[in-house]
Amino acid sequence: MRTLLDTALKRLALGRILDPSAVLGGAFRVLVIRVIGAALAYLAMVMLIRWMGVAEFGIYSYVLSWATIVALLLPLGLNAGVLRFIPEYQERRFMGRLKGVISRSRLIVTLVSTLGAGILLLGVIGFRDSLPSAFVMPLIVSLACIPVFALMDLHESFARAFGWPALAYGPPYVLQPLIVLMAAGAFVFLGHRLDAAFAMAIMMAASALCLAWQMVSVQAGIRERLRGVKIRFHTRYWMAISVPMLLMEAFRALLEHTDIIMLGSFAEPETVAAYVASVRTAGLLGFVFFAIAAMAVPKIPEAHFAGGRKALQKLVSTIVAMIFLPSLLLGVALLVFGPWILTVFSPDFASAYPAMAIVICGYLFRAATGPVEYMLNLTGHQRECIWAYVAACVFNIAANLALIPSFGLMGAALATASSTILIQAWLGFKVWRHLGVIPFVMPFLLRRDPRSPMSDALASDADATIQTELARLCSKH
């Protein structure tokens, strides 16, 4: 009788986990937010280039990349860790731990990001005479943005973990560029000259307003469910899980921004501006990936621990198909209309089209493999990602150093696309090896014979794996 009950409950859970309509509905809302945000960001970028000039915009993009990297590192991986802790504690009704992880992660991120930004600020001030004069003040203002950026990223993770996509993505991707656009436009309309330092100050003010909205909204959303709950802290456990994720956050940040930073070190700001426009255009492909992954990622640990390999394979295959097909259509459209899109920023930016095409290839490979990093992070294999990121980052830095001096922005694009393909292929292999799941859009290329002993063994030990993983989770708490 108990076996029949367990089977029934498992099927009910799988039906809830793998409901495509739920994933599609949430993904559509996220996609709408991202499309609106992309339109605003594009408009803001076009207008900033025209108001600031290409050179000032190149400086602004360079210092913003530095601030973004540091802000991703200083949360110590908690911005990624809460994506695991919050759904788990809600599912298991550990409300004291849920209250504790929210409170403690806020405190840690606030203290560490403020201290880190202060130390870097002292360094910039102390060595300002050895820096290009045009970069000093924008760098100082960008460092003041770091605590705000770090807390925004943490609260975005809170909202994602609770299943509030509008709160997670609305402030940073819609409200922030809208405020920047309106404030910068008003500044120019009043007859002032907009430079990189003042543009960063506008970005800081816009981010602070978005952070305030997120903090108030998250607190309002959890107030009732946590009212009267005795808070419990497991800081050592949270940090033990989050710190390996910090390493991946660091390497991912390097992979995403090394090209801009290194190009800014070798090339003129005008070249940096053209490259930023090209990669932001290619980055439109990330919207579909982002929208589907945002709603599907929290389902990965549920499918893994509640249903085993078969359930996880079904979920992963669905996610990858939902990501790749729209991404392919959008990629073709960008390749066709890319030259025209780039000239909207500046007529000289059409020369960056080959770089954009190369970056698009990297994004399409990423879409074909799905959210492999999250598959490992959220199933207890987060340490497996570290060496993959180390290799990809070393390769990325070496490739940028080798290619940028000779090929300029084309070299940066080649290094970026190659690194993306390397990390996705490596992590895809790790997913296949450790989870028994094929995370590729055409799994028949690697599929084992279903009649083979290996497949039979994988099928027969699914229930044992579920029990083992659940026992391991319980023992850690």
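Contact here means heavy atoms within 4.5 Å. Keep that in mind as we walk through this predicted model.

Q: Which residues in α9 do Leu-167, Ala-168 and the others in α8 meet?
A: Helix α8 covers residues 165-189, and its axis comes within 9 Å of the axis of α9. On the α8 side, the residues involved include Pro-171, Leu-175, Ile-179 and Phe-187. Their partners in α9 are Phe-198, Ile-202, Met-203, Ala-206, Ser-207, Leu-209, Cys-210, Trp-213, Gln-214, Ser-217 and Val-218.

Q: Is the crossing of α8 and α9 left-handed or right-handed?
A: The two axes cross at roughly 145 degrees. As for its hand, the crossing of α8 and α9 is right-handed.

Q: Which residues have the most contacts inside the largest nonpolar core?
A: This core has 71 residues. Its largest share, 11 residues, comes from α3. The residues with the most contacts inside the core are Phe-57, Tyr-60 and Phe-345.

Q: What does Tyr-60 touch, not counting residues up to four places away in sequence?
A: Tyr-60 is one of the residues with the most contacts inside the largest nonpolar core. With its sequence neighbours set aside, the residues that Tyr-60 touches are Leu-48, Met-52, Ala-196, Ala-199, Met-200 and Met-203.

Q: Is Ser-61 buried or exposed?
A: Ser-61 is found in helix α3, residues 54-73. Beyond its neighbours within four places in sequence, Ser-61 is in contact with Ile-260 and Val-276. Its relative accessible area is 6%, and buried means under 20%, so Ser-61 is buried.

Q: Why does the distance between the end C-alpha atoms of α4 agree with its number of residues?
A: Helix α4 has 14 residues, 78-91, and at 1.5 Å a residue they should span 20 Å.

Q: How many of the 14 residues of α4 are buried?
A: Helix α4 is mostly covered. Its buried residues include Leu-78, Phe-85 and Ile-86, and also Asn-79, Arg-84 and Glu-88.

Q: Is Arg-93 buried or exposed?
A: Arg-93 lies in the loop between α4 and α5. This residue has a positive phi of about 60 degrees although it is not a glycine. Its relative accessible area is 62%, and the cut-off for exposed is over 50%, so Arg-93 is exposed.

Q: Where does Leu-76 lie?
A: Leu-76 is another residue other than glycine with a positive phi, near 60 degrees. At 24% relative accessibility, Leu-76 counts as partly exposed. Its place is the loop between α3 and α4.

Q: With which side chain does the side chain of Arg-225 make a polar contact, and at what distance?
A: Arg-225 sits in the loop between α9 and α10, and is partly exposed with a relative accessible area of 36%. Leaving aside neighbours within four places in sequence, Arg-225 is in contact with Gln-90, Met-95, Phe-162 and Trp-164. The polar contact is with the side chain of Gln-90, at 2.6 Å.

Q: How many Å apart in space are Arg-225 and Lys-99, C-alpha to C-alpha?
A: Along the sequence, Arg-225 and Lys-99 are 126 residues apart. In space, their C-alpha to C-alpha distance is 9.6 Å.

Note on methods. Residues numbered from 1 in each chain as written. Predicted model: local features only at pLDDT ≥ 70, side-chain atom pairs only at ≥ 80, totals over all residues. Heavy atoms only, no water. Helix = DSSP H or I, 4+ residues; strand = E, 2+ residues; numbered from the N terminus. Buried < 20%, exposed > 50% of the residue type's maximum accessible area, 1.4 Å probe, protein only. Polar contact = N/O pair within 3.5 Å; in protein donor to acceptor, adjacent residues only side chain to side chain. Core = buried A, V, L, I, M, F, W, Y, C linked by side-chain atoms within 4.5 Å. Expected span 1.5 Å × (residues − 1). Axes fitted to C-alpha atoms, helices over the stretch in contact; angles between N-to-C directions. Left-handed = near helix turned anticlockwise from the far one by under 90°.
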